[in-house]
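The following exercises ask the reader to work from a sequence and its structure.

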Amino acid sequence: MADRKNLPSEHSRDFLGEVFDRKNPLLGSINEFFNGVAQQRIPVEKIETDKHIIYEARLPGISKEEIDIDLLRDHLRIKVNRKQEEIAKGYQESKQMKLERLIYLPANISVDGMKATHRDGLLRIKFPKVKGKKIEIE
């Protein structure tokens, strides 16, 4: 027979049931917070042509000075760091927005010919494709 001291009491089961109830406003607020954080990712579209692989990110209102692009081995990292200061009603408020996207790069591209442009809120990163070399078997 189970030891009754180790079993949750009726009171604790009711409390836990209330905490994890989907209708609980506290749990709803936590879910909204984490859903908001998860959505702070830079949306990127991959376009593939015969000669190039292009990554496009729509970043309206972001200047090129607020964007950093790094190559990390076989990954492309796009970072946005935006700081805004507002003065209203006698107080100063600072807001900071940080976004980041890490993209795995395929093996059939050349980083030497990479070009990045930013116009009208559209970041475009273009990589030329390279062809593999066929190896003859003797």
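**Exercise 1.** Determine where Asp 120 is placed, and decide whether Asp 120 is buried or exposed.

*Solution.* Step 1: In this predicted model, Asp 120 is found in the loop between E6 and E7. Step 2: The relative accessibility of Asp 120 is 85%. A residue counts as exposed over 50%, so Asp 120 is exposed. Step 3: The backbone deserves attention as well, for phi of Asp 120 is near 50°, a positive value in a residue other than glycine.

**Exercise 2.** Give the strand order of the open sheet of 4 strands, and explain why one side of each edge strand is left without a neighbour.

*Solution.* Step 1: The strands follow the order E1-E2-E7-E6, with antiparallel pairing. Step 2: Strand E1 (44–48) and strand E6 (115–119) are at the edges; each has a single partner strand, so one side of each lacks a neighbour in the sheet. Step 3: The average twist from one strand to the next is 20°. Step 4: E1 and strand E2 (residues 52–58) run antiparallel and are joined by 5 bridges. Step 5: Within this pairing, Lys 46 stands opposite Tyr 55 in E2.

**Exercise 3.** Characterise the surroundings of Tyr 55: is this residue buried or exposed, and which residues does Tyr 55 touch?

*Solution.* Step 1: Tyr 55 lies in strand E2. Step 2: Its relative accessible area is 4%. Buried means under 20%, so Tyr 55 is buried. Step 3: Leaving out residues up to four places away in sequence, the contacts of Tyr 55 include Val 44, Lys 46, Leu 76, Ile 103, Pro 106, Leu 123 and Phe 127. Step 4: For one of these contacts, a C-alpha separation can be given: Tyr 55 and Val 44 are 11 residues apart along the chain, and their C-alpha atoms are separated by 6.4 Å.

**Exercise 4.** Classify the arrangement of the rings of Tyr 55 and Phe 127.

*Solution.* Step 1: A pair of aromatic rings is described by the distance of the centres and the angle of the planes. Step 2: The count of aromatic pairs comes to 1. Step 3: The ring centres of Tyr 55 and Phe 127 are 6.2 Å apart and the planes lie at 80°, so the pair is edge-to-face. Step 4: Because Tyr 55 lies in strand E2 and Phe 127 in strand E7, the pair ties together parts that are 72 residues apart in sequence. Step 5: Phe 127 counts as buried, at 0% relative accessibility.

**Exercise 5.** Identify which residues touch the most other members of the largest nonpolar core.

*Solution.* Step 1: This core has 17 residues, of which Leu 59, Leu 76 and Ile 78 touch the most other members. Step 2: E2, strand E4 (75–88), strand E5 (91–104) and strand E7 (122–128) each give two or more residues to the core. Step 3: Not counting residues up to four places away in sequence, Leu 59 touches Ile 42, Ile 67, Val 80, His 118, Gly 121 and Leu 123.

Technical notes: Residues are numbered from 1 along each chain as its sequence is written. This is a predicted model: local features need pLDDT of at least 70, side-chain atom pairs count only at pLDDT 80 or more; totals for chains, interfaces and linings use all residues. Side-chain values use heavy atoms; hydrogens and water are left out. Two strands pair if DSSP finds at least two bridges between them. Axes are lines fitted to C-alpha atoms, for helices over the stretch in contact, and angles run from 0 to 180 degrees between N-to-C directions. A nonpolar core is a set of buried Ala, Val, Leu, Ile, Met, Phe, Trp, Tyr and Cys residues joined through side-chain atoms within 4.5 Å. Buried means under 20% relative accessible area, exposed over 50%, partly exposed in between (1.4 Å probe, protein chains only). Contact means heavy atoms within 4.5 Å. Rings of Phe, Tyr and Trp (its six-membered ring) pair if their centres lie within 6.5 Å; planes under 30 degrees apart count as stacked, over 60 as edge-to-face and the rest as tilted.
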